[in-house]
Each structure stands twice: as C-alpha cells, then as structure tokens.
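Thanks for coming. I will walk through one model this morning, starting with the backbone and ending with the packing of helices.

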Amino acid sequence: MRNLINLNQDWRFIQKNVGLPEAFPSDWDQIHLPHTWNAVDGHDGNGSYDRGTYWYAKSFATPKQPLAGGKVYVEFPAAGQQAAVYVNGTQAAYHEGGYSAFRADITDLCKDEGENLLVVACSNEYKDSVYPQSADFTFYGGLYRGVNLISVPDVHFDLDYYGGPGLMVTPKPCDCGGAVFEIASWVKGADENFTVMYAVLDADGREVAAAVRPADQPNVSVFVPDAHRWEMDDPYLYTVTAVLQRRNEAYDEVSARVGVRSFSCDPDQGFIINGTPTPLRGVSRHQDQMYKGNALTKEDHYKDAQIIKELGANTIRLAHYQHSQDFYDACDELGFAVWAEIPFISVFNKDPQAHENCISQMKELIIQNYNHPSICFWGISNEILIGGISDKLVENHKELQKLCKELDPTRLTTIAHVSMTPIESPMHGITDIESYNHYFGWYGGRMEDNGPWLDKFHEAHPDICLGVSEYGCEGIITYHGPNPACKDYSEEYQALYHEHMAKVFDERPWIWSTHVWNMFDFGCAARDEGGVAGRNNKGLVTMDRKTKKDSYYVYQAYWSKQPMLHLCGRRYAQRAGETTQIRVYSNQPLVALYRNGELVEVKAADKVFVFDAVALADGFNTITAVAGGLKDSMTLEKVEKEPDIYVLPEVSERAEGVANWFKLAGDLDLKAPMEFPEGKYSINDTMEELSKSPEAMEIATEAFKLALNMKMVKGEGMWDMMKGMNLKSMCEMAGSMVPEGFTESLNAKLIKIDK
C-alpha cells in the first residue's frame, strides 16, 4: 500500500549559492520545514528582499518496499519560485512556478542500503520565462509547504500527471434529488489481474454507493440517492475512495472529498447555487503572515479561513496564485465559493516560453484542485493591461480560456480587469464571467463613483456577468482624526470607504461577486506608502492577525447571520473638543448609546449607527453600546491636543507639494488644448521612456508622488510593474485626486524637454 512519509524535520540550509554538495553538509544551518528565507525581509520595510538561489539538504533512508518493484517519489507541494532537485548527486527534477505541487520518481536514484542525500536548489530570482514577472507582493523563496516521500507498489494510481491525485470526481445533481458521481482514475502498470473498487461515503462514513471496474478501464458513473447538496451554509462533503485491488490484496488507495452542487451566473441575478440566487460577497487573500512569510502550517491556514468565516463572507478570491491544499480543504469544509487563479499578472511577457509557463501553471492548478467543491471559478489573469494591450495578449487569453474548458468544462472562467480597461475592449467576452479591480476613492476618483460606473457598464453590456474583484484602501490603526479623508491612511477613512462600498454592493445583487482587497495586510517589500513600508496595508485585519480594523466589522454587520455589535474608534482613544462622533456597526435594528452610564440616545438604522455631537466629560469617558443582548464598551480620553502620531506627516506635505507644483508652472494657460510636439517628451510617454531623461524622470516621479502618493524610483519598488504605464493613464487613474489643470501643467513641463 501507499505510504506517505513527511520529511519536514532536520534539514540543512545555506543562504549562499554554493553549488551542489557531494556529501551531507552538517555545517549548514539546521532548519525545519516549512521554510522561507524571506520570512522577515519580505515585509520588514527595508526596501528590498533577498532574491537568490540557495540550497537545502536532507538525508533519508530508502523506504522499505513490501513488494518487489515498488516506486519512491519525492513530492514538493510548492517551491518558490524555481527548484532543481538532486538525489545522490543526480538531478531528479526541475520545476518552474512557485505555487503548485510537483513530484519526481527517484526510485532508481535511491540506495539499497544506507542514507540518501536529497538536495534542492531553490530560487526566487527573476526569470524571463516564469510568472509572476512583477507584481504588488513579495515573491517569497524557499520550501515553504514542506516535502514528502511517497512509496507505492509498482502498480499504483498515477503520480506523474502534473502533480495531480490520480482521481477525478464530478458529482452532478439530478432532478430526482439524487446525484450521479462521474469517477475517473488513472492506473500505472496494471494487468488483467487488477481492478479498481470505488466507494462513496457520506459525511458520517457510511457507504452510500459503490462500483468495481477493471484497472485498464477504470472510469464509471455511480448513483447516490437523496444526495445532500453542498451549500455555503451547509458544506456537506462526501468521500470517494478508489482502491487498486489484486485479488484479496489492496495495492494502492487514493481518496477525494467532494460536494454535490450546481452553480451558474446570470447578468441580472448574479451567482446562483443549487437553483438559488446567492450574491457572492467576500474577500481576497494572500498566503503570508507576519515574520513567517508564506511558510505557514496547516493550523495557520485554517485560522485564516475561520477569521474569514466569522466575518460572514461566502466567497474568497485566492490571489494571485495557487494556494495550499490545506486552505482549499478549509474552504471545502467551511463553505466558501472560491476563485482560484494563476499568477498571470500585471506584466505581459511576449516570450513564447513565458506563455508555456502560463499554460503549465494553469494545467497544474486545475488538475491538482479539480476535486475541491469550493472552487467554482478559474481565473486566467489579473490587471494584465497595466503594460498595454496587443493582439498577442488577447490571443494568449483565448488560448487559456480554451485550455480551461478542455480540462474542466464544469466550472466558470473569469478575469480581473485593471480599472483602466475600457468598457469597450477586446478583452471582454473571452471568459465566462468578468470582474474589475476598482479603487475609486483611493487611487483615483471618489468612492461615490463606484455605483454609477457599475450601472454604466451593466447598461452597456447587459449580457456580461460583472463582478468587482478588488476594491479597498489603506487603513493604519495609529492614524485617526475627526475629518477622515482619502489618502490620510486613517482607520476612520478606511471604515467610511467600506461603509459606502458595502451599501453599493448590497443595493446591486446582480453583481455576481465582490472581493475586498484585502482580508489581511500582506508583504510587498517594494512598497513604501502611508508610513508603513514593506507591506500593503489594505487588509481588514493586520498582517499578524492580532487586530481586526473597524472596517472588518462593517462587513460583519452586512454579512454575518450571527447577532453582532461593534463600537468604532476605540483606537482613536484621545480626542480633543467638547463633543465627538461615535459610530456603531450592528445587524440589530436598534442601538442604545451610553456615556459614563447615562443614556445618550437610542437610534434605529441599517448596519451603521451614527451618534453625532456626543459630549465628552473632562478626563476619561466610558462609552457603551447596547443592542438586544449585546454590549460593547470603550474608553475615550478628552484632551486639549490630539497626539501627533494620529496624523501622517505626508498628508500635509502632499497638499503643500501640489500647491508648489502650480507655483512652478508659472503663467501657463492650463485651459488651452495640450500640445504634443515631435521630439519632445509628453504625458503620452511611458515611465520607462521618460526614465531615459533625468530631467523628465524627475518631473514624472514628482507627479506620480503628488497624484497617487506613491514613490516611483527606476529599478526599485514596483518599477517593473508600472514602467509600461504612461502619465496620461496615471492622471486618469488619479481622477479627482489631482486638481484641475494638473495634467495640463505636467504636459507643459515635459514638452520643454528634448528626447
């Protein structure tokens, strides 16, 4: 029978590219897996992180085979981003792509007696043919999901096909209330003496259906009467086992947990599961945690899933790559509709080898994860038009769409468009359903622009199922103030923004899905924004999972079916002025507010309860909210002056910078039509083109900072991702965040400079 041996303990690691060792290197650092060398520098704010080729080593004994001719495989659930595997000095495998599983048959490389030397050269260096090319997150290196040995008899279920399980189950509900389970398996090395015995077990372990097939024709359909449907609120799981049998001996066994469900999307009804319209409202998730990077345990993954479940979400977009099997398992168990995608993101590489890597990663994603009932959508790319559009880019998307349908006709395909993708674009209509990443109210425009834009698109394309795959804004829990505004990075503005967005989506159930960007703050070593470098701080929860921001409770009020009550502003603990505003989130109809034990007011509202002009007594004040049987309390101190730490210095600096920008523009007629003289720079040039001139680049960098409050330095940070963007697009993205005349003045400065 199959034997899985975990190899996570007692490895040696060296953070130097020393080359292949001839013997077990006892002088390297001793570590245990999962492991990444970027656990700290991947998000510590020092501006960069170590991207190199480094070495792991492990000794192991060859598993004893009870039957002659058995096989030994080494399995890597992931290795970021490229990995070369050696056993006893001979290369056994090479894999490109940092997020999917791969295996190698090492039977002939193992010794009959004594210890074997397993060595892995792992690299997160840039490689032209491997996606992601560049993106707004850290590309952690290392063996961050562990390593296994798999010992199997010579006849076994396939272990070689794109890291898949060798078993594929497609449960299809029937009108009679039952379900047909279409089961396929792949057997290696079998003759006429072998059969495959299938069993379908219910959630209590009772066998409810069975079938037996010859091993050379193993596919079969079995009927399960009165099948229990998999729902988001009732994620019922069956277990399908496949046993490879030779007379009275079981040679190998594999299994899968599956769910019976039907689903579809409709442009006017949104997502429909088991015949019931159910708008998907949830979050996106990256897989890293504070000072662990992406080297997470099973318990870490399940904790993340449970925090999302407590939010009340029913969907998760797993950005921007294949996630751990542990997390997909948690989604199956807890009842999330999952969007799973490959890292075809931001930067399109025309190299045919890069496209082949896309195809390979898509095959691995689908084949390895086919059996998960939580997965309803395959995502083929994210914000890929940042670098512009081409016929080749459109053609590659159509090829990926075709591949998805060939490998899995049961699921829907989708795409995450960058905000600037035109409403009329050849990128529409390629996938089954579509979504947009919109940041109106943060990177550009106003939060109030979201609803009208969605309505406009829906009117223009009534046949397209539209979702919102990303939306959000930074929220840093030390920044506060009575007048929150866009780009102040305050917890209060983030909460106001999400109050608005939750209402926008609640009023539009036809939007098939919405995914907050992001559930958790995550590592992006290239970022330096809002006074917290090295991270993207748009999470509803901090990266260490210790603090749920006020914005988390906005969605709990809208989505959770459990009674909830939350007093906002508890970290805005020192307040100046005679009165203050108190906001409360609750899914209860009435909230009573008390100050120092005295009733202030009882309010009726929908989710957001605003108590204006609440008087503060000198010194400390106890504020209590009561709704039904729920109570929440916080302490506020009345002070003469609020702490300086509550305000990010860059907020006022940016306002001054915009004012100075116009002073330097002089007496230009900013209402005159813009000119684009030949041989001069202009807003139509990309950042990469502008970087050829130090003078033009200095102007462009300042404009980028003033418009989007983000630093852009050639060769640093997110340069590779943004270098293809022109300044015209940047100003359009910023929208009302830049004052009237800014774009014209920027162009007027650039056209004075010769190319």
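Where does proline 34 lie? Proline 34 is in the loop between strand E3 (29-31) and strand E4 (53-61). Before going further, please keep in mind that this is a predicted model. I bring up proline 34 for its backbone: the peptide bond that joins leucine 33 to proline 34 is cis, with omega at about 5°. There is another cis peptide bond to look at, between glycine 80 and glutamine 81, where omega is about -5°. Glutamine 81 is also in a loop, in this case the one between strand E5 (71-76) and strand E6 (82-87).

As background, most peptide bonds are trans, and most residues other than glycine have a negative phi. That brings me to the phi values. Tyrosine 291 is not a glycine, yet its phi is positive, about 55°. Tyrosine 291 sits in the loop between strand E23 (280-285) and helix H1. Serine 346 also has a positive phi, near 70°, and is likewise a residue other than glycine. The loop that holds serine 346 runs between strand E25 (337-341) and helix H3 (352-369).

Is serine 346 buried or exposed? Its relative accessibility is 2%, and the cut-off for buried is under 20%, so serine 346 counts as buried. Tyrosine 291, at 46% relative accessibility, counts as partly exposed.

Threonine 239 is opposite arginine 257 in E19. What do E18 and E19 form? They form a hairpin, with 2 residues between the strands, and arginine 247 in the turn has a positive phi of about 55°.

The other sheet I want to show is open too, with 5 strands in the order E34-E40-E39-E36-E37 and mixed pairing. Its edge strands are strand E34 (574-576) and strand E37 (598-604), each of which pairs on one side only. From one strand to the next, the twist averages 30°. Strand E36 (residues 590-595) pairs with E37 in the antiparallel sense, over 6 bridges. There, leucine 590 is opposite alanine 604 in E37.

On to the helices. Helix H1 (residues 298-311) packs with helix H7 (residues 550-559) at an angle of about 60°, and the axes are 8 Å apart. That angle makes H1 oblique to H7. H1 brings Ile307, Glu310 and Leu311 to the contact, where they meet Tyr552, Tyr555, Gln556 and Trp559 of H7. Sorted by class, the residues of this contact are 5 nonpolar, 1 polar and 1 charged.

Which residues touch the most other members of the largest nonpolar core? They are Met519, Tyr555 and Met730, in a core of 126 residues. Helix H10 (residues 694-708) supplies the largest share of this core, 9 residues. With neighbours within four places in sequence left aside, tyrosine 555 contacts Leu311, Tyr471, His498, Met501, Ala502, Val516, Leu540 and Ser560. Another core lies apart from that one; it has 29 residues, including Ile183, Phe194, Ala211 and Tyr236.

Last, the partner of H10. The axes of H10 and helix H13 (residues 742-750) come within 10 Å and cross at roughly 170°. That makes H10 roughly antiparallel to H13. On the H10 side, the contact is made by Ala696, Ile699, Ala703, Leu706 and Ala707, and on the H13 side by Phe742, Leu746, Lys749 and Leu750. These residues divide into 8 nonpolar, no polar and 1 charged.

How many residues of H13 are buried? The count is 8 of its 9 residues, so to speak a mostly covered helix. Lys749 is one of the buried residues of H13, as are Thr743, Ser745 and Asn747. I will stop there and take comments.

Technical notes. Residues are numbered from 1 along each chain as its sequence is written. This is a predicted model: local features need pLDDT of at least 70, side-chain atom pairs count only at pLDDT 80 or more; totals for chains, interfaces and linings use all residues. Side-chain values use heavy atoms; hydrogens and water are left out. Axes are lines fitted to C-alpha atoms, for helices over the stretch in contact, and angles run from 0 to 180 degrees between N-to-C directions. Helices (H or I, at least four residues) and strands (E, at least two) are DSSP runs, numbered from the N terminus. Angles under 35 degrees count as roughly parallel, over 145 as roughly antiparallel, 65 to 115 as roughly perpendicular and the rest as oblique. Contact means heavy atoms within 4.5 Å. Ala, Val, Leu, Ile, Met, Phe, Trp, Tyr, Cys and Pro count as nonpolar, Asp, Glu, Lys and Arg as charged, and the others, Gly among them, as polar. A nonpolar core is a set of buried Ala, Val, Leu, Ile, Met, Phe, Trp, Tyr and Cys residues joined through side-chain atoms within 4.5 Å. Buried means under 20% relative accessible area, exposed over 50%, partly exposed in between (1.4 Å probe, protein chains only). Two strands pair if DSSP finds at least two bridges between them.
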